[in-house]
Amino acid sequence: MRAVLARACGRVGWLGAVIGAAVALAAGWAGASASPAGAAVQAPWAPATPKAAARTCGTATGPFTVQGTQVLAGNGQAFVSYGTTVPGLQFLDWRTFAQVDLDKIEATARSWCANTVRLQLNQDNLVSPDGTGLNRAYLTAIETEVTAAEQHHLVVVLNDNTEFGPPAVSRAQKGPTPATEIFWKDLAALYGHDPQVIFDLFNEPRAYSPGMSLAQTWQLWHDGGVFRGVSYPFGMAQLAQYVRSTLGAQNLFWIEGPELASTFAGMVSQQALLKTSGIVYSVHHPAGLHDAASWDAGFGYLVTTGAAPVVNGEWTNYEPAPGTGSSAPHSYCWQDAPVTVPAYLRYLAAHGIGLNVYQLQPGYMIKSYHDMSVPSTISAVTWSCQANREPQPGQGAGSLVLAWYQQQNGQSA
């Protein structure tokens, strides 16, 4: 997750009606009253409370394979990931988050109609910055969370994050390093043949500066190089091949793009598609305008041209914490969210692209830790991405996502 964040059952045909109703329901929960300005009227399909609807939700069982632009589960059916990110293990004080992580995993399975949980891990916590150690207590903590998720019949994504190590170290770990290979060597020994586990090989590659040409961007991402005086001896291509061939991992891989995983624009034209098998390209917080043309250019074209499958591996929309100063809206808050978030969910469904939200935290996807089944809401009347202009603080896209997960991954009871 970016440091600034503080760290297929359904059918597309009737999704527009469902999402439209969800917008109305979200505003209703947020306390908006009916008015000519477009405040909500609760739709007749909406449940009386914001808890998960009385239905069963789909689960998926591996091994997972790639066929064209689809991922197939072990039964040969299409697998689309619907899930949440659980980030406690990425922090230096990871022990503090042990119980809340387990609570989030349980809520993901029981209340959010999800089939996937993405666990963010810290490379330095496991193997030390130079890759010479092995923290067995930390490894046990990883095993505990993976076991809990699998007991809830979730697919588990293990993500290597280098953003939350000691500051002097994390600033220099903007791309994969030899320590990244050691990290995956240790995890592949445990999970390289676990059909329920997906490897998300490197979180938000950051070896990028504005003004770099497409060729420079994709060459550095693909092959490594020197960035701001730091040598990256290999890129994502060699890392993926190492984990697949040298370590023999049979898992599905999620591969994130450059510029903090915000885009895959230009990857095909620059011949940067990876040749390793079993790859899904994972976009985070898409760059650019919030419309179909921008999404097509940034990642959707990989699906429409038959190049590769795509997942939105990390995404959220919520108001920033109230403050006195003004600032430009960040990628986690779309000023036009009441309209564009439903449109974005329709776009993902139409392209068979899954979604993994960040995260079950108050003010983000939920209202409080007291009951993680109660989602955050957006009111079209009071939504604001300006910290100093929030008539109703604490809004988020949780109810829209929950309704979408129920529609996409819900099954008849």
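**Side-chain pairs up close**

Tutor: Cys 333 and Cys 385 are both buried, where buried means under 20% relative accessible area, exposed means over 50%, and partly exposed covers what lies in between (1.4 Å probe, protein chains only). Keep in mind that this is a predicted model: local features need pLDDT of at least 70, side-chain atom pairs count only at pLDDT 80 or more, and totals for chains, interfaces and linings use all residues. Residues are numbered from 1 along each chain as its sequence is written, and side-chain values use heavy atoms, with hydrogens and water left out.

Back to those cysteines. Cys 333 and Cys 385 make a disulfide, with 2.0 Å between their sulfur atoms; the term covers a pair of cysteine sulfur atoms within 2.5 Å. The torsion about their S-S bond is about -90 degrees, so this disulfide is left-handed. Cys 333 sits in the loop between strand S12 (310-315) and helix H11 (337-350), and Cys 385 in the loop between strand S13 (354-357) and helix H12 (398-409), so the bond ties together parts 52 residues apart in sequence. Helices (H or I, at least four residues) and strands (E, at least two) are DSSP runs, numbered from the N terminus.

The structure holds two disulfides. Cys 57 and Cys 113 form a disulfide as well, sulfurs 2.0 Å apart, and with a torsion of about -105 degrees about the S-S bond, this one is left-handed. Here Cys 57 belongs to strand S1 (residues 56-57) while Cys 113 is in the loop between helix H2 (98-110) and strand S5 (116-122), so parts 56 residues apart in sequence get tied together. Cys 57 is partly exposed at 28% relative accessibility, whereas Cys 113 is buried at 2%. Number the bonded cysteines of the chain in sequence order and the pairing reads 1-2, 3-4.

Now the rings. Those of Phe, Tyr and Trp (its six-membered ring) pair if their centres lie within 6.5 Å; planes under 30 degrees apart are stacked, over 60 edge-to-face, and the rest tilted. That rule gives 23 aromatic pairs. Among them, Tyr 358 and Tyr 364 have ring centres 6.3 Å apart and planes at 35 degrees, so they count as tilted. Tyr 358 is buried at 0% relative accessibility, and Tyr 364 is buried at 7%. Trp 295, Phe 299, Trp 315, Trp 334, Tyr 344 and Tyr 347 form one aromatic cluster.
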